[in-house]
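The structure is shown first, and the notes follow by topic.

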Amino acid sequence: MTTDEVLAGVGPRLRQMRKDREVTLAALSETTGISVSTLSRLESGLRKPSLELLLPIARAHQVALDELVGTPPTGDPRVRSKPIVMGGRTHWPLTRQPGGLQAYKVLEPQRRQEPEPRTHEGYEWLYVLSGRLRLVLGEHDVVLTAGEAAEFDTRVPHWFGSTGEGPVEFLSLFGPQGERMHVRARPKGA
């Protein structure tokens, strides 16, 4: 991979990392001291990345500089990721490359929450490893148990979390394309 190819991938990787962490440009600007316009140009590829820009961003996301630059792995295929805690959930990244399909192992603690469905571009797949996962998808309100999976278009209002009866551990895959998985959804009260 050439230097230009590596540098061309930095912007999309930065944008995806920021969005995965649900951080706004304004919040990242406040944390790093880099202007919103500079961050936006960096993410869109209109500004070349430099150490002066990448080091504070890596610090803000608590990742190694290698993760921002996307240096190719050196032989070992194992993904060695550090857990990321967002909104009370713990996420373990299972993929190294930004863009395309992303996979996470997620641990949701036992808690009762009022669903706040959201929408965004793409598709998401969920597979429950243990516990019970509540999924609100459009007019559907279902509970998935260990061994069950769901697939859905993320443009449909959706929310998922603990049923409040205990923690739930699940795999989450999301991206614009990918293999279809088993769909399980039933109307409320069914």
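**Briefing notes**

Asp153 counts as buried, because its relative accessibility is 18% (buried is under 20% relative accessible area, exposed over 50% and partly exposed in between, with a 1.4 Å probe and protein chains only). The model is predicted: local features need pLDDT of at least 70 and side-chain atom pairs count only at pLDDT 80 or more, while totals for chains, interfaces and linings use all residues. Residues are numbered from 1 along each chain as its sequence is written, and side-chain values use heavy atoms, with hydrogens and water left out.

**Asp153**

- Asp153 lies in strand E7 (residues 149-153); helices (H or I, at least four residues) and strands (E, at least two) are DSSP runs, numbered from the N terminus.
- The side chains of Asp153 and Arg155 are joined by a polar contact of 2.6 Å (a pair of N or O atoms within 3.5 Å; within protein, one must be able to donate a hydrogen and the other to accept it, and residues adjacent in sequence count only if both atoms are side-chain atoms).
- Leaving aside residues up to four places away in sequence, Asp153 touches Gly122 and Tyr123, where contact means heavy atoms within 4.5 Å.

**Helices H2 and H4**

- The axes of H2 (residues 25-32) and H4 (residues 51-61) come within 9 Å and cross at roughly 110°; axes are lines fitted to C-alpha atoms, for helices over the stretch in contact, and angles run from 0 to 180 degrees between N-to-C directions.
- H2 and H4 are therefore roughly perpendicular to each other (65 to 115 degrees; under 35 counts as roughly parallel, over 145 as roughly antiparallel and the rest as oblique).
- On the H2 side, Leu28, Thr31 and Thr32 meet Pro56, Ile57, Ala60 and His61 of H4.
- By class, this contact has 4 nonpolar, 3 polar and no charged residues (Ala, Val, Leu, Ile, Met, Phe, Trp, Tyr, Cys and Pro count as nonpolar, Asp, Glu, Lys and Arg as charged, and the others, Gly among them, as polar).
- Leu53, Leu54, Pro56, Ile57, Ala58 and His61 are the buried residues of H4, and their cover includes H1, H2, helix H3 (36-44) and H5.

**Positive phi**

- Most residues other than glycine have a negative phi.
- Glu22, in the loop between helix H1 (3-20) and H2, has a positive phi of about 55° although it is not a glycine.
- Glu22 counts as exposed because its relative accessibility is 63%.
- Gln62 counts as exposed because its relative accessibility is 72%.
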